[in-house]
Amino acid sequence: MHAWRAPRAFDGHRFLPGGATVLVEGDRIVGVEPAGVAVPHDCPVAAYDGTLLPGLVDAHVHLVSDGSVGALERVGEQDDDAIDAQVARSLAAQAAAGVTTVRDLGDRGYRTLPFRDAPGPGQPRVVAAGPPLTTPGGHCHYLGGEAATDDELRSAVREHADRGVDVVKVMAGGGFLTPGSDMVGAQYAVEAMRLVVETAHALGLPVLAHAHSTVAIEVALAAGVDGIEHFTGITAGGAVLTDDLLDRTAAAGTVVDPTMGNDRSVLVALLTAPPPAVVEIMARVGLDVEGFFAQRYVDAGRMRDHGVRVVPGVDAGAGPMKAHGNAWRAVLDLVTAGWPLAEALAAGTSGASEVCGLAAETGALRPGLAADLLVVEGDLAVDATALGRPAGVLLRGERLSA
Ligand SMILES: [Zn+2]
């Protein structure tokens with residue numbers, strides 16, 4: 001047995017006023033005590049002067065991509081060895097930032113599954129979707145998940161189940177990364193999406209829809225998906241999420257991941273010289289880059305006000321602002337959007353873990369759960385930015401070496 005101790009702690013739901021000593025046996029938490037508790041003399045204690053909390057969860061990553069411009073598209077031309085090497089690098093970057101669980105929502109060739117099934121030392125836990133379902137030539141078609149007809153959709157879902165994915169990801173609408181994909185409309189009709197949902201649910205798999213446009217969001221909602229990624233509300237007249245849409249999303253219990261967590265320093269560079277393709281696509285849907293991001297904060301606050309369940313994923317690997325290890329930024333963005341700090345932290349730990357189907361495995365400081373711990377420098381309760389200063393990471397009971 002060994003222990004991790006800090007004078008301040010957040011347990012995945014609330015701050016613990018007395019800090020915490022977390023007792024670890026093998027890969028499990030076996031006790032959560034106040035910081036001042038006496039431990040057996042043969043129990044080594046790693047004592048930190050910071051805040052102890054569960055490891056973070058990034059609910060939307062692309063491990064196959066390093067986030068450089070065009071990286072996701074290039075995956076379509078890479079061999080398995082090159083992809084596997086990038087998956088390993090992405091996971092290492094996630095772990096170094098205190099992320100102990102990632103949900104991968106789009107790989108190629110199911111390359112993330114071996115990492116899920118046989119995690120190496122210091123590797124975060126992986127929840128995997130495999131290649132996202134998309135229309136021929138549609139958003140992220142280069143990842144290999146094209147399916148158009150009912151038969152193709154049915155067999156694509158069955159193949160994903162046979163390969164052992166945890167969740168099915170479907171591109172309900174177009175995306176910024178696929179020039180020419182439909183950013184305002186939907187890729188599939190409601191009936192086709194419903195077929196995907198019914199087939200997946202019958203096989204015990206949840207369905208997550210990628211949807212930027214309001215039209216695609218409506219299709220996904222009508223089809224009964226379990227979660228919607230991005231949820232931007234793009235219309236021909238700009239980004240619009242009506243109160244009614246938010247109310248119906250909340251009533252349906254559909255989980256929304258607004259995929260924030262952008263690195264602001266990269267954003268500043270982007271605002272100075274935005275890539276022409278981004279400017280073009282933004283102009284086409286009536287948005288400017290700066291206004292787009294400002295609106296995201298407003299809408300993330302409104303999602304909470306309307307009772308929508310939100311999970312903070314980054315879409316890590318999707319672009320230069322979305323580095324692997326940005327999960328803390330996604331949590332901070334909710335705080336910027338007006339969320340109470342403890343609620344935002346809970347969303348990024350216990351909440352995200354539950355949404356990933358892992359509530360009984362990780363996401364909180366609780367005996368019986370995996371010893372996935374993060375210590376950050378400073379007092380997180382009064383300085384939310386401390387979340388971006390990891391001082392120690394424990395993955396399934398093993399300390400991540402620096
Ligand atoms: Zn994505």
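Which residue forms a salt bridge with Glu343, and how far apart are the closest N and O atoms? The partner is Arg304, with the closest N and O atoms 2.6 Å apart; point 5 returns to this pair.

1. Basis of the note. This is a predicted model, in which local features need pLDDT of at least 70 and side-chain atom pairs count only at pLDDT 80 or more, whereas totals for chains, interfaces and linings use all residues. Residues are numbered from 1 along each chain as its sequence is written, and side-chain values use heavy atoms, with hydrogens and water left out.

2. Domains and their interface. The domain assignment of the protein, whose bounds come from an automatic or database assignment, gives domain 1 as 2-54 + 363-399 and domain 2 as 56-355. The C-alpha centres of the two domains lie 30 Å apart, and the contact (heavy atoms within 4.5 Å) takes 22 residues from domain 1 and 24 residues from domain 2. The area buried between them, meaning the accessible area (1.4 Å probe) that two parts lose on being put together, summed over both, is about 1,800 Å², and carbon and sulfur atoms give 70% of it. On the side of domain 1, Leu387, Leu395 and Arg396 lose the most area to domain 2, together 31% of what that side buries.

3. The rule for a salt bridge (a side-chain nitrogen of Lys or Arg within 4 Å of a carboxyl oxygen of Asp or Glu) finds one across the interface of domain 1 and domain 2. The rule for a polar contact (a pair of N or O atoms within 3.5 Å, where within protein one must be able to donate a hydrogen and the other to accept it, and residues adjacent in sequence count only if both atoms are side-chain atoms) finds six residue pairs there, both residues being at pLDDT 80 or more. Strand 7 and strand 17 are the elements that give two or more residues to the side of domain 1 that touches domain 2, and the largest share of that side, four residues, comes from strand 17.

4. Helices (H or I, at least four residues) and strands (E, at least two) are DSSP runs, numbered from the N terminus, and two strands pair if DSSP finds at least two bridges between them. On this basis six strands form an open sheet of mixed pairing in the order 3-2-7-16-17-18, with strand 3 (15-16) and strand 18 (398-399) as the edge strands, each pairing on one side only. Strand 16 runs antiparallel to strand 7 (residues 50-54), to which five bridges join it, and Thr51 stands opposite Val376. Four bridges join strand 16 to strand 17 (residues 390-395), again antiparallel, and here Leu374 has Val393 as its bridge partner. Four of the five residues of strand 16 (residues 373-377) are buried, so this strand is largely enclosed by the rest of the structure; buried means under 20% relative accessible area, exposed over 50%, and partly exposed in between (1.4 Å probe, protein chains only).

5. Salt bridges. The structure holds 21 salt bridges. Asp27, Arg28, Arg125, Glu361 and Asp372 are linked in a network of them, in which Asp372 meets Arg125 with the closest N and O atoms 2.8 Å apart. Arg28 forms a salt bridge with Glu361, the closest N and O atoms being 2.8 Å apart; Arg28 lies in strand 5 (residues 28-33) and Glu361 in the loop between helix 12 and strand 16, so the pair ties together parts that are 333 residues apart in sequence. In the opening pair, Glu343 and Arg304 form a salt bridge that links distant parts of the chain, with Glu343 in helix 12 and Arg304 in helix 10 (residues 289-305), 39 residues apart. Glu343 counts as partly exposed at 32% relative accessibility, as does Arg304 at 31%.

6. An enclosed helix. Seven of the ten residues of helix 6 (residues 214-223) are buried, so the helix is largely enclosed by the rest of the structure. Its buried residues are covered by elements including helix 5 (190-202), strand 12 (207-213), strand 13 (227-235) and helix 7 (243-252). Gly224, which follows helix 6, has a positive phi, near 80°.

7. Two serines. Ser353, in helix 12 (residues 341-355), counts as buried at 1% relative accessibility. Ser68, in the loop between strand 8 (56-61) and helix 1 (71-74), is partly exposed, with a relative accessible area of 30%. A polar contact of 3.0 Å joins the side chains of Ser68 and Arg74.
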